[in-house]
Amino acid sequence: MAEVRFEQVDKSYGGKVNVIHDLNLHIRDHEFLVLVGPSGCGKSTILRMIAGLEEITAGDLYIGERRVNDVPPKDRDIAMVFQNYALYPHMSVYENMAFSLKLRHIKNEEIQRRVRRAAGLLGIADYLQRKPRELSGGQRQRVALGRALVREPQVFLLDEPLSNLDAKLRVQTRAEISRLHQQTGTTFVYVTHDQVEAMTMGDRIAVLNAGVIQQLGTPEELYNQPANLFVAGFIGSPSMNLFSARLQRDSGGSEGARLVIGAGGEERTLHLTGAAAEQIVGQATSDGRAVIVGVRPENLRVVAEGAENALGGTVEVVEHLGNEQLVYLRLPGLASAPVGAEAESGGMGTARVAAGVAIAPGSRLTLQPESSHLLFFDPVTSQRFL
C-alpha cells in the first residue's frame, strides 16, 4: 500500500504563523495527485511534511498503514524530485543515479539493473557516462527523475520540477512524467503553481489557498463545477469571466428568470430558460438578489450587434494563436478577480474566437453567453449555487 493520509493536520511556525489548517486529505494508492495554488498557499509545505522535511504541529500523517509523524525521512520509503535538479556536478549520470543505492549497500548487479531500467524508461541510456554540465536542462531533469526512480519508493514527491525549463521542454517533460507514472504505477504527489500542468497531469487536483483545500476533484470537475469563486478564477487559462449581476423572476410566473448584469446605464438583461433557469430560479427574488455569474471564454459566442441576450464591449487586445484568437475587451458588470486568483486579463473580459473572424482593437464586439454553461456564485460566501 502506498496511500497517503492527512488527518486533521495543522502546521504553524512558532505557534503564530499558521500555514496549514485542519488538513484532511486522502491520496489514493497509485494515484497522481497534484497540489496547485498561488505562491504561499502551503502546497510545498504539504509535500515537505510527507517527506519528513517539515514537522507536523498537530494531527496525524500516514503512509500506507504506518503513522510517520516521527519517522525520519530516510525511513519513509519516499523519493523527492526538486526544482533545481540537485545533481552532484563531479559525478557522472550513472553515479548520480546510483549514489543513494550505494549508501544503502545494495549489490552492484542490482544497482546496474535499476539504473539501466530507469535510464531506458527516461531515454537517457546514452548519457550515463556524461557529467551534468554536458547535459541540457531537460536531460538534467530526467536524470533527477531517474535518481528518484531507481529507489523504487512507495511515493514520488515532485516539487515544481519543470519550473526551470523552457516552454517546449516543459510540455515534453510533462508528457514524460505522465508516462512514467503510467508505467510504474507508483503514487505521485506533484506540486505546481501552474494550473495548466495540474489540469493536464493529475488524476485529481487539490486547489489550495491560504493553507486550506478549496476543492479536491478531477480536472473536469474543477473546470466545469468549481466549488467557489477562488477555484473558478484560478482554474482555466484564460480565467473565467466573472460578472456582478442581479437575479429577478420573470413576471407572470416562475418558469424563467432574468439576469441583470452591470448597473446604471451599463445594465444588460439576459433571459434565462431551460437548465440555467431551473438551476437558479429558486434563488431569484422580485427585488433582485445579488449574484456573481461566471462564463468561460469559450462559452461566449460572437453575434450580430443588437442581438438579444448579449453583451457588447470595446476590443482592447487581440492575441492570434493560429487556431484561435483570444479577444480581451471591456464588458459591463465585470467583477474583480477573487483574492489569490491570477487574473490574466487585467480586469478585462476574455473570449475565445475562431481564427477566421476579423477583429481589430478598438472595434465593438457583441457576445452572447451560452446560458447552459453559466455558473452562479453567492457574492457573500463565494460558494457556487448547486
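**View 1. Helix α2 against helix α4 in the predicted model.**
Helix α2 spans residues 93-103 and helix α4 spans residues 137-149. Their axes come within 8 Å and cross at roughly 30°. Angles under 35 degrees count as roughly parallel, and α2 and α4 are therefore roughly parallel to each other. The crossing of the two helices is right-handed. On the α2 side, Val93, Asn96, Met97 and Ser100 take part in the contact, and on the α4 side they meet Val143, Gly146 and Arg147. Sorted by class, the residues of this contact are three nonpolar, three polar and one charged.

**View 2. Strand β11 with its partners β14 and β12.**
Strand β11 covers residues 241-249 and pairs with strand β14, residues 289-295, in the antiparallel sense. Seven bridges make up the pairing of β11 with β14. Within it, Leu242 has Gly294 of β14 as its bridge partner. Strand β11 also runs antiparallel to strand β12, residues 257-261, and five bridges join these two. Here Leu247 stands opposite Leu259 in β12.

The relative accessible area of Ile177 is 0%; buried means under 20%, so Ile177 is buried. Leaving aside residues up to four places away in sequence, Ile177 touches Phe32, Leu145, Leu158, Pro161, Leu162, Phe188, Tyr190 and Met201. Gly217 is 40 residues from Ile177 along the chain, and the C-alpha atoms of the two are separated by 20 Å.

Technical notes: Residues are numbered from 1 along each chain as its sequence is written. This is a predicted model: local features need pLDDT of at least 70, side-chain atom pairs count only at pLDDT 80 or more; totals for chains, interfaces and linings use all residues. Side-chain values use heavy atoms; hydrogens and water are left out. Axes are lines fitted to C-alpha atoms, for helices over the stretch in contact, and angles run from 0 to 180 degrees between N-to-C directions. Helices (H or I, at least four residues) and strands (E, at least two) are DSSP runs, numbered from the N terminus. Angles under 35 degrees count as roughly parallel, over 145 as roughly antiparallel, 65 to 115 as roughly perpendicular and the rest as oblique. A crossing is left-handed if the near helix is turned anticlockwise from the far one by less than a right angle, and right-handed if clockwise. Contact means heavy atoms within 4.5 Å. Ala, Val, Leu, Ile, Met, Phe, Trp, Tyr, Cys and Pro count as nonpolar, Asp, Glu, Lys and Arg as charged, and the others, Gly among them, as polar. Two strands pair if DSSP finds at least two bridges between them. Buried means under 20% relative accessible area, exposed over 50%, partly exposed in between (1.4 Å probe, protein chains only).
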